[in-house]
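Good morning, everyone. Please bring up the sequence and the model side by side, and I will walk you through a few places in turn.

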Amino acid sequence: MTVRRILTVDNAADLAVLKQVSTPVEAVDDGVRALMDDMLETMYAAPGIGLAAVQIGELTRVVVMDLGDGAPDPDAGATEGDEEPARVPNPRFFVNPEVLWTSEETLPYEEGCLSIPEYFDSVERPARARVRYLDREGRTVEEEIDGLYAVCFQHELDHLNGVLFIDHLSRLRRDRAMAKVKKAARMAA
């Protein structure tokens with residue numbers, strides 16, 4: 001497994017890739033699984049809770065996610081000040097994900113993105129969705145999802161369609177986000 005470089009919006013070449021639509025996967029094979037392993041390693045190292053293949057420059061319809069909702073880790077002792085116990089990783093894998101239905105009810109959520117470092121803003125998305133995808137073994141899965149799972153799924157699916165979460169914001173807030181990210185990148189250089 002390899003930690004890959006995450007494309008960011010402050011780099012014009014990266015942004016051009018991030019705005020492209022990813023292509024469907026023909027079959028879930030060892031190459032796709034190796035990509036998913038690299039993506040998971042990259043996401044954990046960042047750290048984040050979701051990553052689309054396009055964010056590491058692979059224009060293929062693959063997403064990984066870990067919402068931190070695994071079982072409590074019996075081997076990880078709680079440290080002073082921890083509000084929540086450490087959890088066992090609970091990675092999820094999505095190949096050719098699609099939304100079949102969304103609720104009219106919406107859920108505002110403060111989103112962030114590994115490709116838009118250090119910027120968070122509220123986005124309103126459908127609170128529930130029925131989705132379909134291929135899992136890590138290539139089996140078709142169809143399920144109804146809600147809450148953070150639905151938010152993250154829709155956020156990552158947007159990436160596969162060349163859409164960033166800031167594209168859901170007003171022009172003023174989107175411009176402010178881009179300016180903040182570019183300024184932070186200049187200061188870090």
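**A helix, a hairpin and an aspartate**

I begin at aspartate 29, which caps the N-terminal end of helix H2, with a side-chain oxygen that lies 3.1 Å from the backbone nitrogen of glycine 31. Please keep in mind throughout that this is a predicted model.

Helix H2 itself covers residues 30-45, which makes 16 residues, and from its first C-alpha to its last it reaches 22 Å, close to the 22 Å expected at 1.5 Å a residue. Which residues of H2 are buried? They are Val32, Arg33, Leu35, Met36, Asp38, Met39, Leu40, Thr42 and Met43, and what covers the buried residues of H2 includes strand E1 (50-52), strand E2 (62-65) and strand E3 (92-102).

Let us move on to a pair of strands. Strand E4, residues 106-113, pairs with strand E5, residues 116-126, in the antiparallel sense over 7 bridges, and the two are joined by a hairpin through 2 residues. Within this pairing, tyrosine 109 stands opposite valine 123 in E5.

My last stop is aspartate 10, in the segment before helix H1 (12-18). Aspartate 10 counts as partly exposed because its relative accessibility is 28%, a value that falls between the 20% limit for buried and the 50% limit for exposed. Its side chain is joined to that of threonine 8 by a polar contact of 2.6 Å.

Notes: Residues numbered from 1 in each chain as written. Predicted model: local features only at pLDDT ≥ 70, side-chain atom pairs only at ≥ 80, totals over all residues. Heavy atoms only, no water. Pairing = 2+ DSSP bridges. Helix = DSSP H or I, 4+ residues; strand = E, 2+ residues; numbered from the N terminus. Buried < 20%, exposed > 50% of the residue type's maximum accessible area, 1.4 Å probe, protein only. Polar contact = N/O pair within 3.5 Å; in protein donor to acceptor, adjacent residues only side chain to side chain. Expected span 1.5 Å × (residues − 1). Contact = heavy atoms within 4.5 Å.
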